[in-house]
Amino acid sequence: MRPDILNPLFTEVEALKGVGPQVAKLLKKLDVTRVVDLLYHLPSGSIERVRAPSASMALLGHIVILDLKPFQTRESRSGRGPMRVFASDGDGNTISLVYFNNPGWAKRSLPIGQVRTVSGKLEQYGEEWQIIHPEVSEPGKGVQPAVREAVYPLTEGLTNRRVGELVREALERAPELPEWIEPSLAARECWSAWRTSLALIHREPATADARKRLAYDEIFANQLALLLLRQSQRRHRTAPLPGTGELTATLKLPYQLTGAQRRVIEEIRGDMAQSAPMLRLLQGDVGSGKTLVAVLAMLTAVESGAQAALLAPTEILARQHHATLLGQLDGIGVRVAILTGREKGRARDSVLMGLADGSINILVGTHAIFQEKVAYKKLGLAVIDEQHRFGVSQRLLLASKAEYPPHLLVMTATPIPRTLTLTQYGEMDVSRIDEMPPGRTPVETRVISEEKLSDVVDGLGRHIAGGGQAYWVCPLVEESEKSDAAAAEESARILKLRFGDGKVGLVHGRMKGPDKDSVMARFAAGDLAVLVATTVIEVGVDVPNATLMIVEGAERFGLAQLHQLRGRVGRGAGKSTCLLIRSQNLTEVGRARLSLMRETNDGFRIAEEDLRMRGPGEILGTRQSGEEAFRCATAEDVETLAPIAQSDAQLLLDRDGGLSGPRGQAARTCLYLFERDQAVGLIRSG
Ligand code: ADP
Ligand code: MG
């Protein structure tokens, strides 16, 4: 249970003065729904204003604070143009205050003949000096414009001043919290207490120490949660699965394992032979051959008399894995079944029965395979494919449920920069496949302006006339799955007009599962030449004859995501091409990002550079694909602070494993503050 002391932080923003449903709705657009969200709604910068007794040439272009006396208003006749209030400063200069909307408000706040403090950017307009949409206050009453003010991320309808006021109120309500940081560390870094640091970070100029402390807090909560997760997983005992080599020896492969595959399978087998459950992350770029490693690990489990389960993030991928495994394992007497949300009725019952009586050796499926109703006779190994949809919170959730954890192998193709591995996978041991199967030709990547789209379509025509297949990936439309689908439908319509209905297929996230699968199956069988898709094809799909990929609106994708997409081609022996279509008005950073894609096929390098190009000081706040999101911490913070936080959290657990002493209790508060409630459930009792 969350400690009472945090209650004021977790109340809804409506509890604040003057926040009704209307303002709450606007705040929600900024992801602010509770008081704590306001506290962590951090300034993105600051503005400086110049306080001056009167306007002058020297002040043009500056944000000024002036005391002015309005003497005349002029509204546009049509009612559409701006409204102007003419006001004079002490020296007899006239400044025109311009409002494009809300003339009623302007008239009320700038009464003729009364001095008002006005602030805004002083500009020259023809012969006049003007300020557009100045902020106005009554001297000595209410909020006065500050010379320096924090600037917040805003949304239409909320002014900076209003957000600032709300933050101040939230700060007043914030309690002092017990200190969870090791005293010697806080002293060495000169860090203030939590509440003081928050107050400092909202004050301009913000101090670097305050920011760093707040970053440390969330990294500490993250590291403590991961250590608790590891501890609770390792505390359990499970059946050792040493394997016999019988099945793996009979498995017929058309190729030799790469050195890297051989090394990682040894690491995995070493873990599986222990009675402490394995907790291993397998990282390997797209196409590096992780599936085969999983198959060998699962066979080792089966040899040892246990069952294995393979969890895929999507239905499409589950079906594909199922087909691959059937092909490889049917001949050697291993029984493989599939279970997704779609298996119903008798088919489902028969799978459930086969799992319970142990006649099914390997189960492939989506999240359905870990549901309560699914009872295994003896689940020995769980493999989770494409980890990036299965973040820390999901792992915590799973751990808080599992009484007898099986050996766990998590596989990801998302190249995580080294700096982030600790915060993303801190509880796991890591194996890396750092070598590609031989004979791959790197994908040739080109960046092409959207003006040349018709040439691209011509090229696509030649490609499919020669018997080739291609992916056409549609731009991501922000925050709206619906419009993603609409954009994809539009592109598919155009391509169908050009190449014929029967040649072009479409898949997007809004389609029903069976419809999606049948389109995928027709593409895999070569019946369709072009597959138009949104990012649903991002993970795992394997059609070696598709050697051309066209990505519309490429700049809107994350680089790591583009790299994943590109991994769909270049899977066969033939040479593959990826065309990144960029919009005409691309920023310099946008250009640099895309040319990096052109330069390298190395997923790790792309991830590292992507992180670097996000810019120093940029907060790791994107919760894309389930990765850990921070509100204050930047990549640099993670790099410098995560190792410290990890050893500090470890030290605390060594001294006080039940987190029951004063600092332990404070650390619990920290976990709750960052909503790691599940981690608290993993603390050892007694
Ligand atoms: P990913 O790591 O992206 O999951 P896959 O397991 O799908 O990669 O493997 C990509 C392709 O490489 C598959 O077609 C697979 O059969 C092939 N492959 C895997 N291992 C080897 C190997 N040692 N030699 C040659 N080809 C391999
Ligand atoms: Mg894969």
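Predicted model: local features only at pLDDT ≥ 70, side-chain atom pairs only at ≥ 80, totals over all residues.
Me: What makes the residues L6, L9 and W194 contacts of L673?
Reply: Contact means heavy atoms within 4.5 Å, and L673 touches L6, L9, F10, V36, Y40, L177, W180 and W194, with residues up to four places away in sequence left out of the list.

Me: How do you know which domains the chain is divided into, and what separates the centres of domain 1 and domain 4?
Reply: The division comes from an automatic or database domain assignment, and it gives domain 1 (4–43 + 171–206), domain 2 (46–151), domain 3 (245–433) and domain 4 (444–620). Taken over C-alpha atoms, the centres of domain 1 and domain 4 are 42 Å apart.

Me: Why is Q261 called buried?
Reply: Buried means under 20% relative accessible area, and Q261 has a relative accessible area of 4%, so Q261 counts as buried. This residue lies in helix α9 (residues 259–272), where Q261 touches S288, G289, L292, V293 and I433, not counting residues up to four places away in sequence.

Me: What makes the pair formed by Q261 and G289 a polar contact?
Reply: The cut-off for a pair of N or O atoms is 3.5 Å, and a polar atom of the Q261 side chain lies 2.9 Å from the backbone oxygen of G289.

Me: How do you know which residues are closest to ligand 1, and which of its atoms take part in polar contacts?
Reply: Of the 16 residues that surround ligand 1, the closest are Q256, G287, K290, T291 and R440. An oxygen atom of the ligand is 2.6 Å from a polar backbone atom of G287, an oxygen atom is 3.4 Å from a polar backbone atom of S288, and an oxygen atom is 2.7 Å from an N or O atom in the side chain of K290. The protein covers 83% of the 570 Å² of accessible area that ligand 1 has on its own.

Me: Why is C190 called exposed, whereas E675 is called partly exposed?
Reply: Exposed means over 50% relative accessible area, and partly exposed lies between that value and 20%. C190 has 54% relative accessibility and therefore counts as exposed, whereas E675, with a relative accessible area of 39%, is therefore partly exposed. C190 is found in the loop between α5 (183–189) and α6 (194–201), and E675 in the loop between α22 (662–673) and α23 (677–680). Phi of C190 is near 55°, a positive value in a residue other than glycine, and phi of E675 is also near 55°.

Methods
Residues numbered from 1 in each chain as written. Chains lettered and ligands numbered in written order. Heavy atoms only, no water. Near = heavy atom within 4 Å. Polar contact = N/O pair within 3.5 Å; in protein donor to acceptor, adjacent residues only side chain to side chain. Areas by Shrake-Rupley, 256 points an atom, 1.4 Å probe, with all protein chains shown as cover. Helix = DSSP H or I, 4+ residues; strand = E, 2+ residues; numbered from the N terminus. Buried < 20%, exposed > 50% of the residue type's maximum accessible area, 1.4 Å probe, protein only.
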